[in-house]
Amino acid sequence: MLMRKPRELNWEQAAGVPETWITATQALYLIGSFHPGQSILWHAGASSVSIAGIQLCARDSASQIFVTAGSQSKIDFCLRELGATVGFNYNTQDWAKEVLAATDGKGVDIIVDFVGGTYFQGNLDAVARDGRIVHLGAMGGTRLPEGTDIGAFVRKRVRFEGSSLRSRDEGYQGRLRDMVLERAVPKLRRGELKVFVERVFDWEEIVQAHLLMESNQTRGKIICRVG
């Protein structure tokens, strides 16, 4: 599966497009079934997939875009650079309660989550009736805390769906590629969407690249240059 490099992007920026923007497009449109006027919560707001997804739904007329992040500087980045509406610091705030307060108790239509077990209850509390929770990772573990209440699945008619690109067949991946070429690439070429690259390393500096990733201080892609 190939994508032609847009001439307006350098090679390092172009390297940050395929996996990131395909994953965000899948989460937002194919699984989340997003349409203009809906509200959405992106966890890990300063991660590369969320950076792409926030920009996509901001330019596709989302009513509200909420984010969670671990520092005020990351929240400010999401608000000022990406188009998010409100951000919550998961280290100092109860983000589920804050989302409900900000939506007058309704909750959000779509939640995109990379955390898993430790966020499961909060997601069920914060999602709106007939809402969708898109599960893309389990950084917080795969086991649910004792006392987790799954009643919202019935009470709110919630849909929960997980996904991974690697297990998809070529036809599905090709469809996603074509969606990115249609929805995102023209805007990337015009500068309406942006690929954020935190830092570019030479391949020999792969250890330093991993250390930067583990620091949880990044706001965009870490790119390694080979050759």
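A disulfide is a pair of cysteine sulfur atoms within 2.5 Å, and by this rule the count in the structure shown here, which is a predicted model, comes to 0 disulfides. The reason can be followed at two cysteines, Cys57 and Cys78. For Cys57, the closest cysteine sulfur is that of Cys78, and because the two sulfur atoms are 11 Å apart, they are too far from each other for a bond. Seen from Cys78, the closest cysteine sulfur is in turn that of Cys57, again at 11 Å and too far for a bond.

Charged side chains give another picture, for the count of salt bridges comes to 9. One of them joins Asp130 and Arg157, whose side chains meet with 2.7 Å from N to O. Asp130 lies in strand S5 (residues 127-135), while Arg157 lies in the loop between helix H7 (152-155) and strand S6 (159-162), so this pair ties together parts that are 27 residues apart in sequence. Asp130 counts as partly exposed at 47% relative accessibility, and Arg157 is also partly exposed, with a relative accessible area of 45%.

Another salt bridge links Arg177 with Asp178, where the closest N and O atoms are 3.1 Å apart, and Asp178 counts as partly exposed at 39% relative accessibility. Elsewhere, salt bridges that share partners join Arg7, Glu8 and Arg189 into one network. Within this group, the side chains of Glu8 and Arg7 meet in a salt bridge at 3.9 Å, N to O; Glu8 counts as partly exposed at 36% relative accessibility, whereas Arg7, at 70%, counts as exposed.

Definitions and conventions. Residues numbered from 1 in each chain as written. Predicted model: local features only at pLDDT ≥ 70, side-chain atom pairs only at ≥ 80, totals over all residues. Heavy atoms only, no water. Salt bridge = Lys/Arg side-chain N within 4 Å of Asp/Glu carboxyl O. Buried < 20%, exposed > 50% of the residue type's maximum accessible area, 1.4 Å probe, protein only. Helix = DSSP H or I, 4+ residues; strand = E, 2+ residues; numbered from the N terminus.
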